[in-house]
Amino acid sequence: MNTYWSEYVQKTEELYLSRALKFHSGNMDKWIDVMQLHDGMNILEVGCAGGLLCHRLKERLQSAEITGVDFDIGHIDFAKKKSAELNLKCNFIAGDATQLPFADNSFDVCYSHTVINFCEPTKFVSEQYRVLKPGGKMIIMDVYDRSNKPEEWIPTDACEEKALFDKVWAAANDNPNSQVKRYENRTEKYFAYLAAQGFHAISIDAMASVNYAPDCDNIDDETARLQINEDRVLELNSVEKAYKMAPHALSKTEYQTLLDFINRRYDKKIKQYEDGEKNWEFRIATTVLISGTK
């Protein structure tokens, strides 16, 4: 096991925050319904990161056995500490999604969220088939987006912040740690992977969630601030990871200047929100759920 993902790709805190805004108390019953989960099940999340969705499910399904597995020990350590903090009994285990550390026929449901395109897909699917009980269900959850647009928090307007951001990432891209291995990311292929491993009753469903709309009246004050600050956290963490991979790309003064630019920009957004200055920006994410039964 290692900490590659949490150090160089997505820090645990940023993943936990982004998932907290997607899987929140106001829509968890809808997620449970679309995933067809119920109390008393033995449920496994493959690629659980910091355990946010496991925690949300355990809050609702108190008699269910909830287990999360992730290759990154940094994610697993965070998930365990968060479980203790929340007083939730979830199981978190460091393990490889293509060599799951569980016995055959162990789980009623295995699900994953945006994980399959980072694993060898045949092994990823076959391992979940193996650990599922007869009649158990595998669910592949994937964000459905054909736009290929960059992350919304990446600076685009010509300014010193963008120049410094681009400079550090241009250097970081030469570091092998910045190159994440990906497999084919076409949702249509997932049906075939399930069928090839022997799954039947292969189905599709979808769930849309509002990830960003702080100016709308149905978004409470706490959530609005979290939505604005999520982009801040994502950009700050991105710069931190890039600087770690390319420490000579920026001087210490330039690095601190970049962090200051980022914080001032998001401080301004928070001030605009507090002053009632409306920008009416919004973002909606559509998640497809492809499932099969063993």
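This is a predicted model: local features need pLDDT of at least 70, side-chain atom pairs count only at pLDDT 80 or more; totals for chains, interfaces and linings use all residues.

Me: How many salt bridges does the structure hold?

Reply: The structure holds 19 salt bridges, and one of them joins Glu-152 to Arg-283, with the closest N and O atoms 3.8 Å apart.

Me: What about Asp-221 and Arg-225, how far apart are they in helix 9?

Reply: They are four residues apart in helix 9 (residues 221–245), so about one helical turn separates them, and their side chains meet in a salt bridge with an N to O distance of 3.1 Å. Asp-221 is partly exposed at 39% relative accessibility, and Arg-225 is also partly exposed, with a relative accessible area of 29%.

Me: Which residue does Asp-275 meet in a salt bridge?

Reply: The side chain of Asp-275 meets that of Lys-271, at 2.7 Å from N to O, and Lys-271 is partly exposed with a relative accessible area of 45%.

Me: Which residues are linked in a network of salt bridges?

Reply: Asp-104, Glu-127 and Arg-130 are linked in such a network.

Me: Changing topic, how many residues are in the largest nonpolar core, and which have the most contacts inside it?

Reply: The largest nonpolar core has 29 residues, and those with the most contacts inside it are Leu-37, Ile-43 and Tyr-111. The elements that each give two or more residues to this core are helix 2 (12–22), helix 3 (28–35), helix 4 (52–60), helix 5 (73–86), strand 4 (107–113) and strand 5.

Me: Where does the largest share of this core come from?

Reply: Helix 3 supplies the largest share, namely five residues.

Me: What does Tyr-111 touch?

Reply: Leaving aside residues up to four places away in sequence, Tyr-111 touches a set of residues including Met-35, Ile-43, Leu-53, Leu-57, Ile-139 and Met-141, and also Glu-45 and Gln-128.

Me: Which residues does the second core include?

Reply: The second core, which is separate and has 28 residues, includes Trp-153, Val-239, Met-245 and Tyr-266.

Notes:
Residues are numbered from 1 along each chain as its sequence is written. Side-chain values use heavy atoms; hydrogens and water are left out. A salt bridge is a side-chain nitrogen of Lys or Arg within 4 Å of a carboxyl oxygen of Asp or Glu. Buried means under 20% relative accessible area, exposed over 50%, partly exposed in between (1.4 Å probe, protein chains only). A nonpolar core is a set of buried Ala, Val, Leu, Ile, Met, Phe, Trp, Tyr and Cys residues joined through side-chain atoms within 4.5 Å. Contact means heavy atoms within 4.5 Å.
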